[in-house]
Amino acid sequence: MEAVLKTRGLLSLPPNPTRARSLLNPSQGLKQRLFASKPLGLNGLSVSYKRVPSVVAKPNGLFPEQKSFICKAEAAAAGDGQPLIGETEKKPKFLGIELVTLKKIIPLGLMFFCILFNYTILRDTKDVLVVTAKGSSAEIIPFLKTWVNLPMAVGFMLLYTKLANVLSKKALFYTVIVPFIIFFGAFGFLLYPLSNYIHPEALADKLLAVLGPRFLGPLAILRIWSFCLFYVMAELWGSVVISVLFWGFANQITTVDEAKRFYPLFGLGANVALIFSGRTVKYFSNLRKNLGPGVDGWAISLRGMMSIVVLMGAVICFLYWWVNTFVPLPTRSRKKKEKPKMGTMESLKFLVSSRYIRDLATLVVAYGISINLVEVTWKSKLKAQFPSPNEYSSFMGDFSTGTGIATFIMMLLSQFIFDKYGWGVAATITPTVLLLTGVGFFSLILFGDPFAPTLAKFGMTPLLAAVYVGALQNIFSKSAKYSLFDPCKEMAYIPLDEDTKVKGKAAIDVVCNPLGKSGGALIQQFMILTFGSLANSTPYLGGILMVIVFAWLSAARSLDVQFTALRREEELEKEMERAAVKIPIVSESGSVSPSG
């Protein structure tokens, strides 16, 4: 790398390079400033000049107006075997990428593919299990997310924190991921085949007769407890294995430059995994159609899919071991500042004290509530249209493939959107998409009957049309979330000072993610218990969705103003730092004095 200092009149050198070399030798001021951590000898120092016209102010009248110079300083510690600044150390490359980098990026990409492949299969399967089970419905999901998923997520994080204090990073990784792999294998081969024996259906029926149909959702958790446990473990796979284990490991072994270059490719690879896993779910769904009567096709499909999940889990563990064994860690990863431990109350206080963090928290909570409000309503219509596990699972396979394709396209477009329109526009696209498609979905549910004759010409009923519109709503919302919302959210942390950046992210991790997921669920529970069912609550849910999305858009606009101001301030500070580089000043008389 060649350091070029444009002196603009602050540096005046005689036209004799030999003399300049001898003048610089005693003080070595420029070298000491450029390489303060390791003083260098004179060997390898060269100074070259290029006359450029310059009109500058004369500070304190010390320097007459004259031609200024560009000084190119090249220093090398030849005796230490270090390359010149203008040169780079020759490292083996393949397709223009250093082999050391490829040894990290390829295994990481494969790990991400396997993790997302599993997550898609688990996500589609968990919905089929709890929604289509006997004595259950989509109304179980809000209760599951609030009263089972949230407590288990909090419990996991408390346990994870304790384990992190006593285990090494490698041991912690295996300790967390292996129980997931064992559970999913055991569910496919033990828990599901024994479900008729271990589920207390008689007790649930008695309680339902006493409490009434409004308590169908809470009682279904008791009735199909093993399916609910699978649901929660599948949810935790997404938050724990993807967010905590994978991204923590990726940030540990990659440099910032590598992350900027290759992290977007992980997003593209993830959506390839989404497409393939969607086809896998579709394959096993169609496999059930060819089985004879009396054969539990769902049990056979479940064993096949859980076998793939276990195999992928073993591949993830192998790749993790390989990278830790054969890839050196960057030195900066060992000096990384620890994330402050903030309790829930401390996190809440910090959120309230900072407007920037409040707006960022609003984005996260609003997304969680909005997508939850639409998704559960859509899944209730989906069950009405596809009541059997076979049809439901087949449709979810197509849905996952569609989401993968849409997100892949949006990932390609996202770079253009960021470059052309900036952070502010990118941040408002996700809520706008969710609002427009949400209005169309709820309108079709509430006012679909007048459209029935028109829809019949296309071979559709209002219910089927609502299912398709809801699927498109989810596909577009999630593709916008993966390609725009998530990058915007992470970019918003970049210009913050270190303390606010670390504490703000800790606070949002602890408070806002669970609050967004359970907030929508709590709203739905209140509506179900008040109005008797999810269908009766639909008009009110649509109104709440609009209020939440408008609050989201307002927070995004506010955050854009603050984000832009912080970015300008950051750029100004960088310019001032570059301008404040101290270099030796050589007078015409030949004496050397340090700049100050």
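**Figure 1. Lys-379, a buried residue in this predicted model.** Lys-379 has a relative accessible area of 5% and is therefore buried, as the limit for that class is under 20%. The side chain of Lys-379 meets that of Asp-127 in a salt bridge, at 2.8 Å from N to O. This pair links distant parts of the chain: Lys-379 belongs to helix H13 (residues 355-385) and Asp-127 to helix H3 (residues 99-132), 252 residues apart. Asp-127 also counts as buried, because its relative accessibility is 1%.

**Figure 2. The salt bridge between Lys-379 and Glu-375.** The closest N and O atoms of Lys-379 and Glu-375 are 3.9 Å apart. About one helical turn separates the two residues, because they lie 4 residues apart in helix H13. Both Lys-379 and Glu-375 are buried. Through salt bridges that share partners, Lys-126, Asp-127, Glu-235, Glu-375, Lys-379 and Lys-478 are joined into one network.

**Figure 3. The salt bridge between Asp-127 and Lys-126.** Here the closest N and O atoms are 3.3 Å apart. Both Asp-127 and Lys-126 are buried. In general, side chains of opposite charge can pair when their charged atoms come close. The structure holds 8 salt bridges.

**Figure 4. Ser-277 in helix H10 (residues 256-289).** Ser-277 has a relative accessibility of 0% and so counts as buried. When residues up to four places away in sequence are not counted, Ser-277 touches Phe-117, Thr-120 and Ile-121.

**Figure 5. Helix H5 (residues 169-191) and its buried residues.** Helix H5 has 23 residues, which should span 33 Å at 1.5 Å a residue. The C-alpha atoms at its ends are 31 Å apart, in agreement with that expectation. Buried residues of H5 include Leu-172, Phe-173, Val-176, Ile-177 and Phe-180. Further along H5, Ile-181, Phe-183, Phe-184, Gly-185, Phe-187 and Gly-188 are also buried.

**Figure 6. A nonpolar patch on the surface.** The patch is formed by Leu-203, Leu-207, Val-210, Leu-211, Phe-215, Leu-222 and Leu-529. Together these residues have about 580 Å² of accessible area. Helix H7 (residues 201-211) gives the most to the patch, with 4 residues. Leu-203 is found in helix H7. With a relative accessible area of 43%, Leu-203 is partly exposed, because this value falls between the limits of 20% and 50%.

Methods:
Residues are numbered from 1 along each chain as its sequence is written. This is a predicted model: local features need pLDDT of at least 70, side-chain atom pairs count only at pLDDT 80 or more; totals for chains, interfaces and linings use all residues. Side-chain values use heavy atoms; hydrogens and water are left out. Patches are made of residues with over 30% relative accessible area and no salt bridge: like charges are joined within 9 Å, nonpolar side chains (Val, Leu, Ile, Met, Phe, Trp, Tyr) within 5 Å. Accessible areas come from the Shrake-Rupley method with a 1.4 Å probe; for residues, only the protein chains shown count as cover. A salt bridge is a side-chain nitrogen of Lys or Arg within 4 Å of a carboxyl oxygen of Asp or Glu. Buried means under 20% relative accessible area, exposed over 50%, partly exposed in between (1.4 Å probe, protein chains only). The expected span of a helix is 1.5 Å times one less than its number of residues. Contact means heavy atoms within 4.5 Å.
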